[in-house]
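Subject: Structure handover

Hi,

Here is the structure for you to open. Have a look at it first, then read my notes below.

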Amino acid sequence: MLDIVSETHDKIKSMEIRGALNIAIAAAESLAVVAAEASGNNQAVQTAINEAGEKLRLARPTAVSLPNTIDYVQYLAKQNLDQDERPYRGQLIKSIASFISEQKSTLPQISEIGARLIEDGDTVLTHCNSQTAIDIIIKAHQNGTQLKAFCTETRPRHQGYLTAGQLKEAGVDVTLTIDSAVNLSLKEHEIDKVFVGADAVLVTGDLINKIGTSQVSLAAKAQGVDFYVGAESIKFSPQSVAGQVIPIEERDRAEVTDQLPPEINIYNPSFDVTDHRNITAIITEVGVIPPQAAYTILKEKYGWELK
Ligand code: RI2
């Protein structure tokens with residue numbers, strides 16, 4: 001196994017590389033290196049891609065951008081195996097490169113579309129550290145929309161600190177609050193809209209995202225606050241069409257505390273499921289859709305896989 005594959009696996013697992021889109025891009029980049037460096041004939045290249053993909057797949061279980069990327073590259077590697085070696089390898093590397101640039105282009109497209117949902121005078125709230133949600137808020141600010149932002153601390157890894165820093169750096173008026181103050185913040189600070197990212201969007205339109213997202217959605221629903229999800233199509237789950245359940249990652253107890261004796265049980269789930277009925281709309285690179293239309297995106301983008 002090439003070093004880059006083990007390194008990428010370890011960086012995703014330890015969350016040095018994190019955020020669902022970043023994970024997808026990093027996996028595709030390391031598979032491109034495998035395609036370029038594997039020795040032997042086309043069959044050997046395909047085997048190397050398959051093995052590397054299976055290793056990367058184990059890094060984290062919940063964000064479907066990772067298996068979607070691996071499945072797609074493995075699908076590409078299966079094509080044209082009977083071609084001469086040079087065109088086969090060249091085409092494979094080129095196709096992975098165009099997949100990567102397509103993924104990179106989705107962020108500006110979503111921020112452009114999402115920013116139109118923020119109006120002058122709005123106060124918005126975001127949870128965790130989603131580049132997609134952050135870019136929507138920053139784009140609205142750059143467009144000249146007068147807005148204020150709230151972000152949650154996001155226990156246990158405090159990824160909200162990163163969000164606060166990124167929004168501040170972009171010149172956004174940002175306030176950080178503790179996770180348990182979301183309900184009060186929505187009311188006391190007259191928050192108009194919530195924007196979050198996605199680790200997986202299911203065929204039902206339900207959302208899997210950082211732990212606490214579902215509670216934010218419940219509070220937003222109770223107070224009539226719009227709840228938007230920014231999600232590239234790479235985060236939609238074709239496996240969910242077949243009824244497959246996405247595992248919720250549980251992480252180390254030390255993320256929560258190392259102050260308690262080991263006989264005290266700790267439950268540290270990294271994600272939760274937000275019911276589609278609490279979601280106003282999902283902002284994708286192909287437009288804003290109601291959560292119930294998730295299957296349309298899946299059919300359009302994953303026809304190759306759903307067949
Ligand atoms: P972007 C993150 O998971 C958060 O749950 C975030 O909302 C989601 O990925 C999407 O992130 P983690 O990797 O792709 O921090 O929008 O566990 O950056």
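Start at the ligand. In this predicted model, an N or O atom in the side chain of Arg18 sits 2.6 Å from a ligand oxygen. Asn209 also reaches a ligand oxygen with its side chain, where an N or O atom is 2.6 Å away. Gly19 uses its backbone instead: an N or O atom there lies 2.9 Å from an oxygen of the ligand. How much of the ligand does the protein bury? Taken alone, the ligand exposes 450 Å², and the protein buries 99% of that.

Now the shell around it. The ligand is surrounded by 18 residues. Arg18, Ser130, Asp199, Asn209 and Lys235 are the closest. Sorted by class, the shell holds six nonpolar, seven polar and five charged residues. Which elements supply at least two shell residues each? They are helix H2 (20-37), helix H6 (131-142) and strand S6 (207-210).

Strand S6 leads us to a sheet. This sheet is open and has three strands, in the order S5-S6-S8. Its pairing is antiparallel. Strand S5 (200-201) and strand S8 (271-274) are at the edges. Each has a single partner strand, so one side of each has no neighbour in the sheet. S6 and S8 are joined by four bridges and run antiparallel. Look for Lys210, which stands opposite Phe271 in S8. Then find helix H9 (residues 213-222), which lies across S6 and S8. H9 runs at about 35° to S8.

There is another open sheet, with seven strands. The order is S3-S2-S1-S4-S7-S9-S10, and the pairing is mixed.

Lys193 has Asp226 in S7 as its bridge partner. Helix H5 (residues 85-115) packs on the sheet. H5 touches S4, strand S9 (281-284) and S10. The directions of H5 and S9 make an angle of about 140°.

Best wishes

Conventions. Residues numbered from 1 in each chain as written. Predicted model: local features only at pLDDT ≥ 70, side-chain atom pairs only at ≥ 80, totals over all residues. Heavy atoms only, no water. Near = heavy atom within 4 Å. Polar contact = N/O pair within 3.5 Å; in protein donor to acceptor, adjacent residues only side chain to side chain. Areas by Shrake-Rupley, 256 points an atom, 1.4 Å probe, with all protein chains shown as cover. Nonpolar A, V, L, I, M, F, W, Y, C, P; charged D, E, K, R; others polar. Pairing = 2+ DSSP bridges. Contact = heavy atoms within 4.5 Å. Axes fitted to C-alpha atoms, helices over the stretch in contact; angles between N-to-C directions.
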